[in-house]
Amino acid sequence: MTQKSNLKAYQTRRNFKQTPEPKGKIKKITSTKLKFVIQKHRARSLHYDVRLEIDGVLVSWAVPKGPSLNPREKRLAIRTENHPLEYARFEGVIPKGEYGAGPVMIWDRGAYKNIKQKNGLLISMRTCLKNGQIEVFLYGKKLKGAFALIKTCNKESDQWLLIKMRDEHANARRNPVNTMNKSVKSGLTMDQIKKRYQRT
Ligand code: MN
C-alpha cells in the first residue's frame with residue numbers, strides 16, 4: 001500500500017465541512033515511541049475502536065465488546081480504514097447524517113511497544129500487519145500488558161481477534177470496559193460528551 005492510499009478510505013467517507021473529525025495527513029516517522037488509542041464510539045451500535053500507530057497512520061479495528069483482560073476471552077475485532085494520527089486526540093460528536101454519527105470518547109491511550117519476535121528478532125509492525133499476527137505491549141492509563149491481534153483464517157473478510165496475552169497484567173475478574181467508563185482525556189461519560197459537543 002502506498003503512503004497516499006493509506007488514508008484514502010478515511011478521507012473519501014467523510015465530509016470535513018460537516019464533521020469535526022480531523023482531515024488528516026500522514027506523519028513522517030520521527031520517533032520509535034508508537035502511540036495507541038482506544039475510542040469508545042456509539043454509532044449505530046456501541047463499539048471500541050482500537051488504533052495502533054503503524055507507518056505514520058492509525059491502523060484501526062472496531063471491537064464490539066471492547067478489550068478483555070481475560071486471556072480466555074477472544075474479542076472479535078473488525079479491521080476498519082486507517083485513521084490519521086491526529087485522530088488519537090479526537091473526542092466529540094460526529095454529526096447526524098455523517099459517517100459514524102454519534103459520540104466518540106477517548107477511552108484509553110498511551111504508548112505501545114512491538115513485542116512480536118521470531119528467533120529472538122523483532123518483526124516489524126508492517127510485517128506483523130501483513131502476516132495477521134500482531135503482539136504489542138500497551139502502556140495505557142486503563143490497559144497495561146501484552147495483547148495479541150490475530151487475523152482469522154477467513155481470507156475474504158478482515159476479521160481479527162483481540163486477545164489478552166498471559167502476563168502479570170492478565171486478570172479474569174477485572175472488567176475495565178464495564179467498570180471504567182469515563183474518558184481519559186476529559187473525565188466525561190458518553191452522555192456528558194454527547195451533551196457537550198452535540199450541535200443543536
Ligand atoms: Mn467507530
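**Entry 1: the metal site**

Are His41 and Asp49 buried or exposed? I looked them up, and His41 is buried. Asp49 is buried as well. The cut-off I used for "buried" is under 20% relative accessible area. I note here that the model is predicted.

Next I asked which residues coordinate the manganese ion. I found His41 through ND1, His47 through NE2 and Asp49 through OD. The distances run from 2.2 to 2.3 Å. I then checked the spacing of these donors along the chain, and wrote down H-x5-H-x1-D.

**Entry 2: the largest pocket**

How much space lies in the largest pocket? I noted about 470 Å³. I found 23 residues lining this pocket. The closest to its centre are His41, Ala43, His47, Tyr99 and Gly100. Two of those names were already in my first entry, His41 and His47, as donors to the manganese ion.

I also looked up where the lining comes from. Strands β2 (46-54) and β4 (75-84) each supply at least two of the lining residues. The largest share comes from β4, with five residues. Sorted by class, the lining has nine nonpolar, eight charged and six polar residues.

**Entry 3: Asn114**

I found Asn114 in strand β6, which covers residues 102-114. Why does Asn114 count as buried? Its relative accessible area is 13%, and buried means under 20%.

What does its side chain reach? The side chain of Asn114 reaches the backbone oxygen of Ile123 at 2.6 Å. I then listed what Asn114 touches, leaving out residues up to four places away in sequence. My list has Leu122, Ile123, Ser124, Met125, Cys128, Glu135 and Val136.

**Entry 4: Ser68**

Where is Ser68 found? I located Ser68 in the loop between β3 (57-63) and β4. Ser68 counts as buried because its relative accessible area is 9%, under the 20% cut-off.

I looked at its polar partners next. A polar atom of the Ser68 side chain lies 3.0 Å from the backbone nitrogen of Asn70. The side chain of Ser68 also makes a polar contact with the side chain of Glu73, at 3.4 Å. Leaving aside neighbours within four places in sequence, I found Ser68 in contact with Glu73, Arg75, Phe147 and Lys164.

Note on methods. Residues numbered from 1 in each chain as written. Predicted model: local features only at pLDDT ≥ 70, side-chain atom pairs only at ≥ 80, totals over all residues. Heavy atoms only, no water. 1 Å grid on protein atoms, 1.4 Å probe; cavity = no way out; pocket = protein on both sides within 12 Å on 5 of 7 lines; lining within 4 Å. Points joined across faces, edges and corners; volume = space filled by probe spheres on them. Helix = DSSP H or I, 4+ residues; strand = E, 2+ residues; numbered from the N terminus. Nonpolar A, V, L, I, M, F, W, Y, C, P; charged D, E, K, R; others polar. Donors = N, O, S within 2.8 Å, 3.2 Å for Na, K, Ca; no water. Buried < 20%, exposed > 50% of the residue type's maximum accessible area, 1.4 Å probe, protein only. Polar contact = N/O pair within 3.5 Å; in protein donor to acceptor, adjacent residues only side chain to side chain. Contact = heavy atoms within 4.5 Å.
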